[in-house]
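Hi,

Here is the structure I said I would pass on.

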Amino acid sequence: CSELMLAIEIDGDTHAGQEKYDKNRTENLNKYGIEVVRYTNSEVLNNLKGVYEDLRERLSERKTSKSATPLTPLDKGEEDFRVDKGGRGLPTVTVELTDFSVFYSQDSISGAEQALKNKSSKIVVEKGQVVKVSKDADGVITREVLTKEWTDWIDYWSVDFDFESKREIIRVQNPDTEEWEEQWSGDFIFENEWQSFRTKKDRSLGLTSIAYDCEPGPRKIAVKVVDIFGNDTMTIVEVHI
């Protein structure tokens, strides 16, 4: 919440062994006046009512304290702190979605037409298009393509501007000692920077990300898109800042 300078984090199993990383990140956020509130996956899944009640209290306290605190670096404007150690402005990276394609099918239009009863309809996915097949009271069939633009397929999307900055650590049991050890899985953790998502009231979708400060040099940026059926697709782009 930018208004209250408040961040809410849900910690899952992937945070095990990452306490130092989390502590440093929280301290950096605190420097800019951002408070971090943490809940565990277990608390959210098993005691959601309690999480809401605790969060309401924290929000109330934050609103009161925020009105009495001096301006933070973020309140003064980005230009005051977006500089590197040499006093120069850091370069920024922006990601823009320009296309998205889906190729799977679910049912078929001809099958839906045969199975439909009068005064009924069915949604069919065929060759990457979502089609509404309807049959009126007289048995007349109509087809309406719902995915007229490629953006109609997207529910929300996010970016990790430094994809290889955090390794995925897993716990495995040593067959010789039977002790549990931490190992790198060979993969990296995707850390979301949510960019744009649709709601029931607002179906618009932003296609350009925020401008993200980057240290000069090579890096990998991961872009994840979640389609309207909940399937996610990720692509990794290598860039040089």
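Let's begin with the second largest pocket, which is lined by Val-95, Glu-96, Leu-97, Thr-98, Asp-99, Phe-100, Val-223, Val-225, Thr-233, Met-234, Thr-235 and Val-237. A pocket here is an open set of points on a 1 Å grid over the protein atoms alone, where a 1.4 Å probe fits, with protein on both sides within 12 Å along at least five of seven lines; lining residues have an atom within 4 Å of a point. Its volume is about 180 Å³, taken as the space filled by probe spheres set on the points, with grid points joined across faces, edges and corners. S12 and S13 each supply at least two lining residues, and the largest share, 4 residues, comes from S13. (Strands are DSSP runs of E with at least two residues, helices runs of H or I with at least four, numbered from the N terminus.)

Before going on: this is a predicted model, where local features need pLDDT of at least 70 and side-chain atom pairs count only at pLDDT 80 or more, while totals for chains, interfaces and linings use all residues. Residues are numbered from 1 along each chain as its sequence is written, and side-chain values use heavy atoms, leaving out hydrogens and water.

Now the aromatics. Trp-153 and Phe-229 make a tilted pair, because their planes are at 55°, with the ring centres 5.9 Å apart. That pair links distant parts of the chain, 76 residues apart: Trp-153 is in the loop between S6 and S7, Phe-229 in the loop between S12 and S13. Trp-153 is buried at 4% relative accessibility, whereas Phe-229, at 39%, is partly exposed. (Buried is under 20% relative accessible area, exposed over 50%, partly exposed in between, with a 1.4 Å probe and protein chains only.)

Phe-163, Trp-184 and Phe-188 form one aromatic cluster. Arg-167 lies over the face of Trp-184, 4.0 Å from the ring centre, and Lys-224 lies over the face of Phe-190, at 4.6 Å. (That takes NZ of Lys or CZ of Arg within 6 Å of the ring centre and within 35 degrees of the ring normal.)

How many disulfides are there? The structure holds 0 (cysteine sulfur pairs within 2.5 Å would count). Cys-1 is exposed at 52%, and Cys-214 is buried at 0%.

Cheers

Conventions: Rings of Phe, Tyr and Trp (its six-membered ring) pair if their centres lie within 6.5 Å; planes under 30 degrees apart count as stacked, over 60 as edge-to-face and the rest as tilted.
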